[in-house]
Amino acid sequence: MRAEGTPLKGDSTTESTAASSPVATDPAVRVGTAVDDRFEGARLDHAGAMTYGDYLHLDEILGAQHPRSPDHNEMLFIIQHQTSELWIKLMLQELRAARDRITTDDLQPAFKMLARVSRIMEQLVHAWDVLATLTPTEYSALRPYLGSSSGFQSYQYRELEFILGNKKPVMVKPHAHRNDLHERVQRALQAPSLYDEAIRLLVRRGFAIEGTDVERDWSQPREFCETLSQAWLEVYRKPEAHWDLYQLAEEFVDLEDAFRQWRFRHVTTVERIIGFKTGTGGTAGVAYLRKMLDVVLFPELWKVRTDL
Ligand code: HEM
């Protein structure tokens, strides 16, 4: 076994060998011709070297699709979910880092991270177009093989909702059967959300926010706060005086905007595939997902639009 990150035989020679290779330097060598162990300058012999597949653990990732039905369309269903989970993993990493930066008043890197999360979310919005090629007939062939599994049980998605401030203690329960997952989701529930940290930042900047949300039981949903709404209003009325807070607020609105679109495309795609049937997770299906469209993550930032 070699330690992770340790260069393997040949790793360090790749560039220098390429520069001195006959393929790279000799104009007489025809494009598209393989010479010895090179093609177009690219190394062909990877014995003992770390390859693309090694680096990305492709055997594990590409070996993780195990359709349960004989149906052709199940691969789409699996890959759509798996790729979404990978993107959620990245969003969580970025959001946790952004939250840390807000905590330490280091807003510039947080802006970059939040912008990345919004772009990921937008990409996931477009990803519904691919799933929408699954017809109700095709889904019906898969449905019996899904059992009671459902996106409702996605622990990463629940962590995402929690870090964005949509706290619901009951949502930890679906993970009670696995200690590791239960702890993860519970930790996310009990930690301050991104928005909680922004509120603390406003307080550090001298805004009077009554009944402050600065210390509270973070596992509970926040109540709408009028003085917080007034603080944001002040920021939006004088952006030049509070530019970084103004930018932070707009990054949040951008993110919630993209998330709302994701929720909307989910419910619409679900309706075109299963109509008003109940979900595999046991909810009423579309009726449940429609209720989730009413969730507002940063209510005071939306109210500013009316008050300005
Ligand atoms: C044919 C495709 C899909 C159908 C029919 C479907 C259906 C549903 C239904 C009915 C629910 C409500 C819970 C339940 O009773 O099961 C749900 C929840 C959920 N689904 Fe999907 N879904 C599909 C694709 C996806 C995909 C691709 C993702 C991506 C990760 C996803 C993520 C989720 C999440 C995170 C929830 C929980 C939402 C919440 O609690 O607010 N779903 N889905």
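These legends accompany close-up views of a predicted model. In it, local features need pLDDT of at least 70 and side-chain atom pairs count only at pLDDT 80 or more, while totals for chains, interfaces and linings use all residues. Residues are numbered from 1 along each chain as its sequence is written.

**View 1. The shell around the ligand.** Here we look at the 24 residues around the ligand, of which Ser150, Gly151, Gly279, Gly281 and Thr283 come nearest; a residue is near a molecule if its C-beta atom, placed from the backbone, lies within 6 Å of it. Two or more shell residues come from each of α5 (74-103), α12 (243-274) and α13 (286-292), where helices are DSSP runs (H or I, at least four residues) numbered from the N terminus. The largest share, four residues, belongs to α12. By type, the shell holds 11 nonpolar, 13 polar and no charged residues. Ala, Val, Leu, Ile, Met, Phe, Trp, Tyr, Cys and Pro count as nonpolar, Asp, Glu, Lys and Arg as charged, and the others, Gly among them, as polar.

**View 2. Helix α5 and what covers it.** With 30 residues, α5 spans 43 Å from its first C-alpha to its last, close to the expected 44 Å; the expected span is 1.5 Å times one less than the number of residues. Its buried residues are Glu74, Phe77, Met91, Leu95, Ala98, Arg99 and Ile102. A residue is buried if 20 or more other C-beta atoms lie within 10 Å of its own, exposed if 12 or fewer, and partly exposed in between, with C-beta atoms placed from the backbone. Among the elements covering these buried residues are α6 (107-131), α7 (136-146), α8 (155-163) and α10 (194-204).

View 3. Ala115 sits in helix α6. It is partly exposed because 15 other C-beta atoms lie within 10 Å. Glu251 is 136 residues away from Ala115 in sequence, yet their C-alpha atoms are 6.6 Å apart in space.

**View 4. Two loop residues with positive phi.** Most residues other than glycine have a negative phi, so these two are worth a look. His57, which is not a glycine, has a positive phi of about 55°. His57 lies in the loop between α3 (52-56) and α4 (58-62), and it counts as exposed because 10 other C-beta atoms lie within 10 Å. Asp105 follows α5 and has a positive phi near 55°. The loop that holds Asp105 runs between α5 and α6, and Asp105 is exposed, with 11 C-beta neighbours inside 10 Å.

Technical notes. Contact = placed C-beta atoms within 7 Å.
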